[in-house]
Amino acid sequence: MSDASVHEGGCLCGQVRYSFTGDPLLVALCHCTHCRKQGGAPLSLICAVADEAYSERGETRIYEDRGESGAAVYRHFCATCGSPIRSMAAVLPGLTIVKAGTLDTPDQWPPVLEAYCDSALNWMPPITDQRFARSNIGE
Ligand SMILES: [Zn+2]
């Protein structure tokens, strides 16, 4: 895929739209309890992209969460419909963690690994062959 390709997504109501250029640096599944609560889903599909590759328009609100290390994780969500859009972790400077279920084409990149498998729901079968008990990327 071309690095010049532009990928777009947005929230449920359409008020927040975003795009990033190039392929994600990482595509993963997160089983952590915070992603589960925020998304209301058994797990979360996430794409890591460079901050400078990402742009967004529309009004978001930000919930200041805490990661496992105690460092801040800023969870951005649509101010109107509440869709989670991205997470910005203090331990991951320079990276925007996109909640990839909001992509217009969310099946474009299969996840390569799973994080926080310690918290995976017990009926959830393995999806990738790289399964980390906790975080591999620090969220
Ligand atoms: Zn919305």
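**Entry 1: a cysteine to begin with**

I started at Cys 13, which is partly exposed, with a relative accessible area of 41%. I kept in mind that this is a predicted model. Next I looked up Cys 11, and found that Cys 11 is buried at a relative accessible area of 10%. The cut-off for buried is under 20% relative accessible area, so Cys 11 falls below it.

**Entry 2: the zinc ion**

Which residues hold the zinc ion? I found four protein donors: Cys 11, Cys 13, Cys 78 and Cys 81, each through its SG atom. These atoms lie 2.3 to 2.4 Å from the zinc ion. I then looked at the angles that the four donor atoms subtend around the ion, and they run from 105 to 114 degrees, so the arrangement is tetrahedral. Along the chain, I noted the donor spacing as C-x1-C-x64-C-x2-C.

**Entry 3: what the record lists**

I checked UniProt, where an unreviewed entry lists residues 7-110 as "domain: CENP-V/GFA". In the model, I find the end C-alpha atoms of that span 15 Å apart. I also noted its make-up, which is 7% helix and 48% strand.

I traced an open sheet of three strands in the order 1-2-5, with antiparallel pairing. Strand 1 (6-10) and strand 5 are its edges, each pairing on one side only. From one strand to the next, I read an average twist of 20 degrees.

**Entry 4: rings**

How many aromatic pairs does a search of the whole structure find? There are two aromatic pairs. One of them brings me back to Tyr 18: its ring centre lies 5.7 Å from that of Tyr 54, and the planes meet at 25 degrees, so I wrote the pair down as stacked. The pair links distant parts of the chain, with Tyr 18 in strand 2 (residues 17-21) and Tyr 54 in strand 5 (residues 54-57), 36 residues apart.

I began at the strand 6 end. Strand 6 (residues 60-66) and strand 7 (residues 72-78) run antiparallel and are joined by seven bridges. Glu 64 stands opposite Tyr 74 in strand 7. The hairpin of these two strands has five residues between them, and there I found Gly 70 with a positive phi near 95 degrees.

Further along, I looked at strand 8 (residues 84-89) and strand 9 (residues 95-99), which pair in the antiparallel sense over two bridges. In this pairing, Ser 87 stands opposite Ile 97 in strand 9.

Is strand 3 mostly covered or mostly uncovered? Strand 3 (residues 26-30) is mostly covered, since five of its five residues are buried. I remembered that side chains in a regular strand alternate between the two faces of the sheet. In strand 3, I found Leu 26, Ala 28 and Cys 30 on one side and Val 27 and Leu 29 on the other, all buried, which covers both faces.

On one flank, strand 3 pairs with strand 4 (residues 44-50) in the antiparallel sense over five bridges. Leu 29 stands opposite Leu 45 there. I also followed strand 3 to strand 10, where the pairing is parallel over three bridges. In strand 10, the bridge partner of Leu 29 is Glu 114.

**Entry 5: a tyrosine after strand 10**

I ended in the segment after strand 10 (113-115), where I found Tyr 116. Its phi is near 55 degrees, a positive value in a residue other than glycine. I noted this down because most residues other than glycine have a negative phi. Tyr 116 is also buried, with a relative accessible area of 5%.

Terms used. Residues numbered from 1 in each chain as written. Predicted model: local features only at pLDDT ≥ 70, side-chain atom pairs only at ≥ 80, totals over all residues. Heavy atoms only, no water. Helix = DSSP H or I, 4+ residues; strand = E, 2+ residues; numbered from the N terminus. Buried < 20%, exposed > 50% of the residue type's maximum accessible area, 1.4 Å probe, protein only. UniProt positions renumbered as here; feature names shortened; annotations may be inferred. Donors = N, O, S within 2.8 Å, 3.2 Å for Na, K, Ca; no water. Tetrahedral: all angles 85-135°; square planar, octahedral: opposite > 155°, others 65-115°. Pairing = 2+ DSSP bridges. Phe/Tyr/Trp six-rings, centres within 6.5 Å; stacked < 30°, edge-to-face > 60°. Axes fitted to C-alpha atoms, helices over the stretch in contact; angles between N-to-C directions.
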